[in-house]
Amino acid sequence: MSRQTISKTKQTAIGRMVIAGTINIKGTARQLRVSRNTVKRYVNKYEPFAATYPDWIVGSTYRLPIFKSVEPAQAMQEQLFAILSNIVHAGATNLMTITEVWEKYLQIRPHGYKRSSFNNLFSRWCKENKVNLHQSWHVSYIPESDLAIFRQWLRSGNKRKWERATVILASKQNKPTVEIAAKVDHGVDCILDWIRSYKKQGITALEKKPRRANEALSTGQQEKRANLIRLIHESPKLHGFNRTSWFQADLSAAYQKRYGTAISTSSISEYLKKEGYVYRKAREVLTSPDPDFREKMDKIKAILNNLGQKEKFFSVDEFGPFAVKIKGGRSLVKRGERKTYPQIQKSKGFTICTAALELSANQITHFYSNKKNTDEMIKLIGLLLIKYKNEEKLYFSWDAASWHASRKLNEYIDDINSHPYRAEHATPLVELAPLPASAQFLNVIESVFSGLAKSVIHNSDYSCLEECQSAITQYFQTRNKHFIAHPHKAGNKIWGKELVVPAFKDSHNCKDPKYR
């Protein structure tokens, strides 16, 4: 049998590293230009010397031993094969895994082959000697509860769960480990580890373990979040920024200047989100400066709450003036396309739609004009007196526009409410319930106008004024017919694309300028 020997210098270098505890098999083999197995064999020779002389230092009276020869690789392999033959003849392989065979081998040769080298040589020996090791790594039983979970993992989009479920179920079907490894694109050793873990600990061994939080890191993050909140409660001007609100870059700079620690804008964004802070545009709030706001609101509510069977309540306003031309708006288009319309256009005419919404029957009465004045209000009241002549009382609610509260209008209402006029014309009594000043957003009919605008005005291209008026009239007629066939008071039904439920409520915003 041939022997393998390396020089005294290389042996001494290995021995010194073994005694110093700095030996690195791979690095030493590369440095000395020898194989790693050769380094391992000399390490095994020098380890007993290091244990006998733990205080050995360079230059001491004790010299490192020099070995004339070490056991070659061929000898180690022959010795391994002899040990395996003994294990096989003892019949132990019927109950052991490869790992257990390797552990038996190490009990005989403590400084023998490592696991990866042992696996390769053991497989070769089994093939040459036609020995079939008992495939004990296969899963023999899977509980129904685990089967249900594995089926869920197979259908999930989680690759990690899919891989483990595939391996365990394929192992239960006694499929070859090489085939299973190829299917999940992992090594054989990896899938065997999964199988062993499942057999020992169950499905919990395959689930992802929760990450243990670093307490020092968590404490530092909590401190940063607290310091960040303190900063945003202060004005940016106090920290030298000429701004009225914080930017993330400014917060980063101010934080580092004040606390001496850098913090990125991405961390700032994450911390603020966790604390419930977001950037949001301020909302313009519609308010009424009327000092009698509450009194007027209480009056209207009282009228509506006590409205009699022969009484009607009207919400009145004007839609427009608006020009008849190509209008923009939201519409359904093909992805990548965008509808356009010219900014400068020649108008095909303009009009104003004056209308009244009767709340109890949800009916609209309207007409067209070219002006907003008292005469148009008188005309509307006259139309409603004829249409609702069988009622006892009509209430009119409108905003505080000048023509809604003119002297001429008040004199007209006094005349039609006089006993001689009512006796002659058999008309109902008229009473005004005006809204507070600058409270157009509470006018219920504004919601109906918003629905009208989105339905027949937006995205329109009418050829003339008459066509536009015809579309508006048809819209109101269709709406009226619906509520005649399906009686509902205003507020119990949203018609079309109306902005809010057409009901009188002080929290509503019935008017939105972008829909007009």
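**View 1. Ala323 stands opposite Phe350 in S2.** The model is predicted: local features need pLDDT of at least 70, side-chain atom pairs count only at pLDDT 80 or more, and totals for chains, interfaces and linings use all residues. Residues are numbered from 1 along each chain as its sequence is written, and side-chain values use heavy atoms, with hydrogens and water left out. Strand S1 covers residues 311-323 and pairs with S2 in the antiparallel sense over eight bridges. Two strands pair if DSSP finds at least two bridges between them. Strands (E, at least two residues) and helices (H or I, at least four) are DSSP runs, numbered from the N terminus. Strand S2, residues 350-358, is mostly covered, with eight of its nine residues buried. Buried means under 20% relative accessible area, exposed means over 50%, and partly exposed lies in between (1.4 Å probe, protein chains only).

**View 2. S2 and S3 form a hairpin with four residues between them.** Strand S3 spans residues 363-369, and its antiparallel pairing with S2 has seven bridges. Glu358 stands opposite Gln363 in S3. Asn362 lies in the loop between S2 and S3. Although Asn362 is not a glycine, its phi is positive, at about 60°. Most residues other than glycine have a negative phi. Asn362 is buried, with a relative accessible area of 0%.

**View 3. Five strands form an open sheet with mixed pairing.** The strand order is S3-S2-S1-S4-S5. S3 and strand S5 (429-432) are the edge strands, each pairing on one side only. From one strand to the next, the twist averages 25°. Strand S4 (residues 393-397) and S5 run parallel and are joined by four bridges. Lys393 has Leu429 in S5 as its bridge partner. In a regular strand the side chains alternate between the two faces of the sheet.

**View 4. Helices H18 and H19 lie across strands of the sheet.** Helix H18, residues 445-457, lies across S1, S2 and S3 and runs at about 40° to S1. Helix H19, residues 465-485, also lies across S1, S2 and S3, and runs at about 165° to S3. Axes are lines fitted to C-alpha atoms, for helices over the stretch in contact, and angles run from 0 to 180 degrees between N-to-C directions. Contact means heavy atoms within 4.5 Å. In the loop between H18 and H19 is Asn459. The phi of Asn459 is near 65°, a positive value in a residue other than glycine. Asn459 is partly exposed, with a relative accessible area of 28%.

**View 5. Helix H1 packs against helix H3.** H1 (residues 8-20) and H3 (residues 36-52) pack at an angle of about 55°, and their axes are 9 Å apart. The two helices are therefore oblique to each other; angles under 35 degrees count as roughly parallel, over 145 as roughly antiparallel, 65 to 115 as roughly perpendicular and the rest as oblique. H1 passes H3 in a right-handed crossing, in which the near helix is turned clockwise from the far one by less than a right angle. From H1, the residues in contact are Gln11, Thr12, Ile14, Gly15, Val18 and Ile19, and these meet Val39, Tyr42, Val43, Tyr46, Glu47, Phe49 and Ala50 in H3. This contact is made up of nine nonpolar residues, three polar and one charged. Ala, Val, Leu, Ile, Met, Phe, Trp, Tyr, Cys and Pro count as nonpolar, Asp, Glu, Lys and Arg as charged, and the others, Gly among them, as polar.
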